[in-house]
Amino acid sequence: MTDATAPEPGHRLKPLTPAMLRELSVRSNLRGAVQSFGHYGMIVLVGALIWTVTSRYGVLWALPLMAAQGYLVAFLFMAVHETAHKTAFKSRGLNLAVGYLSAFIIGLPYEYYCLFHWDHHRYTQDPDKDPELIVGVKPASDTQLAIAYSGLLQVAGRLRLMLGHAVTGKVVVPWIPENRRATIVTEARAYVALYVLLLAPSLGFASALLLWVWIVPLVIGQFFLRPYLYAEHTGCDRTRSAFENTRTTYTGAVVKWFAWNMPYHVEHHAYPSIPFHALPRLNGIVDGEIVHRGRGYVRTTRETWAWFRRNRQAG
């Protein structure tokens with residue numbers, strides 16, 4: 001991916017000097033490990049609490065913990081995203097290990113996502129070429145809009161696509177090159193096989209462990225993840241400038257941590273070679289160039305919801 005997205009004519013981009021770009025682009029195994037172990041450590045801890053509470057007191061008492069676990073598990077998407085850029089770690093092997101594991105947990109084949117996301121960066125906000133817009137929902141009513149914000153359609157869609165690849169052996173989506181389609185089919189079949197291997201013992205031992213600590217939280221977590229993802233580009237300009245076609249959302253430290261600093265999304269799209277841990281520093285340099293600024297995710301979600309409604313009413 002390129003180091004900066006070219007601005008539209010007339011828009012002043014405040015570029016980084018080559019020295020600044022080199023400094024900010026330094027990748028770190030230590031920073032990646034701290035972030036990964038912290039995120040996964042919280043998942044293991046909350047998962048253990050869920051199992052303890054459900055075993056002793058019943059499922060209903062564990063629902064608040066499942067909601068917290070849902071946020072943690074769903075936001076492993078950020079680990080998939082950062083490792084897709086190969087910027088989570090200096091080591092390519094560590095990027096792949098954390099990427100594959102995180103992608104498996106959230107049901108999003110890793111190699112498929114890397115290619116999907118590559119085209120998203122190449123064609124951001126292009127309705128004919130940006131995969132996020134091509135597969136994105138076009139709600140025709142407030143009910144459909146609410147379902148879209150739940151994230152359930154998106155999860156169902158990617159699982160259906162994965163099964164389609166595995167069963168038919170065919171890949172027809174335009175963002176997967178012809179020479180990579182066999183890899184995507186093999187990957188889908190490996191994922192399906194591994195899910196079956198995990199499901200079989202659970203059924204055999206009549207254990208609900210995976211259901212309560214993984215599957216149900218993953219579904220619940222989409223209610224947090226989807227509004228977050230809509231904040232990244234919804235309502236932004238359809239230009240080639242990352243400073244105009246993307247939104248940075250200013251939010252609290254906890255949200256930024258679990259999102260791997262991706263609320264600094266303009267910064268990421270403008271300089272995708274810069275790793276997650278350097279994005280706050282980059283924000284201090286380019287903040288004045290950012291056009292679309294979200295002020296917290298509650299307010300930004302209201303704004304993106306309103307944009308979808310206006311867009312629908314305008315036909």
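Is Arg122 buried, partly exposed or exposed?

1. The residue in question, in what is a predicted model, has a relative accessibility of 36%, and Arg122 therefore counts as partly exposed. Its side chain meets that of Asp119 in a salt bridge, with an N to O distance of 3.2 Å. Both residues belong to helix α6, where Arg122 and Asp119 are separated by three residues, or about one turn of the helix. Asp119, however, is buried, because its relative accessible area is 9%, which is under the 20% cut-off for that class.

2. Side chains of opposite charge can pair when their charged atoms come close. The count of salt bridges in the model comes to eight, and one of them joins Asp142 to Arg312, whose closest N and O atoms are 3.2 Å apart. This pair links distant parts of the chain, since Asp142 sits in helix α8 and Arg312 in helix α16 (residues 297–313), 170 residues apart. Asp142 is partly exposed at a relative accessible area of 32%, and Arg312 is likewise partly exposed at 26%. A network of salt bridges links Asp142, Arg309 and Arg312.

3. Glu303 counts as partly exposed at 34% relative accessibility, and Arg299 is partly exposed with a relative accessible area of 45%.

4. Helix α2 covers residues 29–57, a run of 29 residues, and the distance from its first C-alpha to its last is 41 Å, close to the 42 Å expected at 1.5 Å a residue. At the start of α2, a side-chain oxygen of Ser28 comes to within 3.3 Å of the backbone nitrogen of Leu30, while just after the helix Gly58 adopts a positive phi of about 110°. The buried residues of α2 include Gly32, Gln35, His39, Tyr40, Ile43, Val46, Ile50 and Val53. Among the elements that cover the buried residues of α2 are α3 (63–74), α5 (92–106), α11 (209–233) and α13 (253–258).

5. For helix α10 (residues 181–204), the 24 residues should span 34 Å at 1.5 Å a residue, and the end C-alpha atoms are 35 Å apart, which agrees. Ile184, Val185, Glu187, Ala188, Tyr191 and Ser202 are buried in α10, and the buried residues of this helix pack against α5, α6 (110–122), α9 (152–168) and α11. Just after α10, Ala206 takes a positive phi of about 50°.

6. Two further residues with positive phi deserve a separate entry. Gln125 has a phi near 70°, a positive value in a residue other than glycine, and it is placed in the loop between α6 and α7 (131–134); at 7% relative accessibility, Gln125 counts as buried. Asn261 has a phi near 65°, again positive in a residue other than glycine, and it is found in the loop between α13 and α14 (265–270). Asn261 also counts as buried, because its relative accessibility is 13%.

7. Ser150 lies in helix α8, which covers residues 142–150, and is buried with a relative accessible area of 6%. A polar atom of the Ser150 side chain lies 2.5 Å from the backbone oxygen of Ile147, and the backbone nitrogen of Leu152 lies 3.2 Å from a polar atom of that side chain. Not counting residues up to four places away in sequence, Ser150 touches Gln222, Phe223 and Arg226.

8. Leu211 is found in α11, and at 37% relative accessibility Leu211 counts as partly exposed.

9. Cys114 lies in helix α6 and counts as buried at 15% relative accessibility. Leaving aside neighbours within four places in sequence, Cys114 is in contact with Ala84 and Lys86. Cys114 and Trp305 are 191 residues apart in sequence, and their C-alpha atoms are 28 Å apart in space.

Conventions
Residues are numbered from 1 along each chain as its sequence is written. This is a predicted model: local features need pLDDT of at least 70, side-chain atom pairs count only at pLDDT 80 or more; totals for chains, interfaces and linings use all residues. Side-chain values use heavy atoms; hydrogens and water are left out. Helices (H or I, at least four residues) and strands (E, at least two) are DSSP runs, numbered from the N terminus. The expected span of a helix is 1.5 Å times one less than its number of residues. Buried means under 20% relative accessible area, exposed over 50%, partly exposed in between (1.4 Å probe, protein chains only). Contact means heavy atoms within 4.5 Å. A polar contact is a pair of N or O atoms within 3.5 Å; within protein, one must be able to donate a hydrogen and the other to accept it, and residues adjacent in sequence count only if both atoms are side-chain atoms. A salt bridge is a side-chain nitrogen of Lys or Arg within 4 Å of a carboxyl oxygen of Asp or Glu.
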